[in-house]
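Visitor: I would like to learn how to read some features of a structure. Please take them one at a time.

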Amino acid sequence: MSIKYEPVIGLEVHIQLNTKTKMFCGCSNLANDNEPNSVVCPVCFGMPGTLPVTNKQAVFKTLLFARAVGAKISDNWNFERKNYFYPDLPKGYQITSSTNPPALGGEIRVAAGQDGGQFSVALHHLHLEEDAGKLLHGKGGYSFVDLNRCGTPLIEMVTEPVIKTPTEAKLMLKELQILVRHLGVSDADMEKGHMRCDANVSLRSVGEMKLGKKVEVKNLNSFRMVERALNHEISRQELLLEKGEEIVQETRGWDDAKGVTLSQRNKEDSQDYRYMPDPDLPPICRLIVEEFSDENLKKQMPELPQVISSRLQSDFSLTVTQANQCVGDINFQELVVGVLTKVTKDNETAKSLLFGDLLRIVNEKGLLFSDLKLTSDDLIEIVKLKDDGKITQQLIKTNLESLMTGKITIIDLKKHGEISTAVDIDAIVKEVLLQSIKAVEQYKAGDVKVLGFLVGQAMAKSKGVANPQIVNEKLKSHLDQ
Ligand SMILES: [Zn+2]
């Protein structure tokens, strides 16, 4: 990044709420893998004569989220129509609430930034709206319309233009994902489109207060995409400014395969949406609905992820990263707490097992902690066996995945441990000594460092399953005879 210009980034994040039904009708909101146009009704289609009914659960989830991020919740707000025509929205307008939104301000606090320190991203506002359908562009120039997604409730969270780098944007989104999952308001799976992001990017000279001309980059659907697209867009604008050219205020799309942003439309094409209050929907007067009251929101609010994270750090001497990994997955958190409350606070075997091999295998193999066959008691037993020298690190590494998926049990692991610690070691040690005459002579001449080499040879011969401590002792006793 240049030292002459600094980027200024603002994000608009769409968070799909995991309510049972859609925003304004009784259709199921879990339409992900259904046949196209099978989870629809006249309201979804916007048929004349139909009337929308507000989903109370969606409003409640929006307000719970608003309270969690410290936003100022409005007592009275209303839905409005954003008028535009596009084939994925048959009624010709989207119902939204951005003019008089349910909540203003607030912030997303990020526990660990690029330099490890905390930072926070100020929010402009949150509003609740319905999603449009999907267009599938097929062969032969035909496009297909699927309205299953039509009417899905979304929170749109708009940040202030305060994000300084693409990495900060990515870290903020990760924190947001943890938070909405923890609150139970969204599944927030970016790959499945539960969380989608548009970014506004502008550059200004370092020291300048005024914002430069902004470019909107649309539809960033993974953490990686957000970081790559923003990095590319910043370099593109920098190059133009270096050449003395002007930045065009426009909307650009991200081509993930080519790794570039491409112009979609400029300011001249921008539409007038003719916003108007929706006459079919009554305004939301929060104070007359018990569920929406401050008292009830407070009562329903779980302990927030950052509070849990700080507690885990102090209770078990975890790093910020380790604590955040726990907060991101309740099943993993329960496993970690289950193990670490029963071993000593500084037990490194337990920590490296949990945050090293276990987490790595889960991520690599796409497993779920809720499906694991290993309990916290099993893990405590593995830690004990390792600390007592009855099994090796290598043996754990080799067998952990099978233990996690239930292919073998702790009893099998113990048997493997017995074999590796008892049966073969004598034979292996003798073999190594016979094959390494030179090293043996060196040792006898006083060069005790070669013992390490001999242990290495024996470990290699045992394919890593022998207990190095026992190998070491046996080699020494032979050599010192
Ligand atoms: Zn419907």
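Guide: This is a predicted model. One place to begin is a helix and its surroundings: the buried residues of H10 pack against helix H8 (330–340), helix H9 (348–365) and helix H11 (393–404).

Visitor: Which residues of H10 are buried?

Guide: The general idea comes before the case. An α-helix has 3.6 residues a turn, so residues three or four places apart point the same way. In H10 the buried residues are Leu379, Ile382, Val383 and Lys386. Viewed down the axis of H10, these buried residues fall within an arc of 100°, so they line one face of the helix.

Visitor: How far does H10 reach from its first C-alpha to its last?

Guide: H10 covers residues 376–387, twelve residues, and reaches 16 Å between those two atoms. That is close to the 16 Å expected at 1.5 Å a residue. Just after H10, Gly389 takes a positive phi of about 75°.

Visitor: On to sheets. In what order do the three strands of the open sheet stand?

Guide: In general, strands of a sheet pair through backbone hydrogen bonds, either parallel or antiparallel. Here the order is E5-E4-E16, and the pairing is antiparallel. Strand E5 (93–96) and strand E16 (276–277) are at the edges with a single partner strand each, so one side of each has no neighbour in the sheet.

Visitor: Over how many bridges do E4 and E16 pair?

Guide: Strand E4, residues 80–83, pairs with E16 over two bridges, in the antiparallel sense. Glu80 stands opposite Pro277 in E16.

Visitor: Now single residues. Does Trp254 count as buried or exposed?

Guide: The count to read is that of C-beta neighbours, with 20 or more inside 10 Å as the cut-off for buried. Trp254 has 22 such neighbours inside 10 Å, so Trp254 counts as buried. Its place is in strand E14, residues 250–255. Leaving aside neighbours within four places in sequence, the contacts of Trp254 are Val217, Asn219, Leu220, Met225, Ala229 and Thr261. Of these contacts, Asn219 is 35 residues from Trp254 in sequence and 7.4 Å from it in space, C-alpha to C-alpha.

Visitor: And where does Tyr5 lie?

Guide: Tyr5 lies in strand E1, residues 5–16. Tyr5 has 19 C-beta neighbours inside 10 Å and therefore counts as partly exposed. Not counting residues up to four places away in sequence, Tyr5 touches Leu203, Arg204, Ser205, Val206, Glu238 and Leu241. Tyr5 and Ser205 are 200 residues apart in sequence, yet 4.4 Å apart in space, C-alpha to C-alpha.

Technical notes
Residues are numbered from 1 along each chain as its sequence is written. This is a predicted model: local features need pLDDT of at least 70, side-chain atom pairs count only at pLDDT 80 or more; totals for chains, interfaces and linings use all residues. Helices (H or I, at least four residues) and strands (E, at least two) are DSSP runs, numbered from the N terminus. The expected span of a helix is 1.5 Å times one less than its number of residues. A residue is buried if 20 or more other C-beta atoms lie within 10 Å of its own, exposed if 12 or fewer, and partly exposed in between; C-beta atoms are placed from the backbone. The arc is that of the directions from the helix axis to the C-beta atoms. Two residues are in contact if their C-beta atoms, placed from the backbone, lie within 7 Å. Two strands pair if DSSP finds at least two bridges between them.
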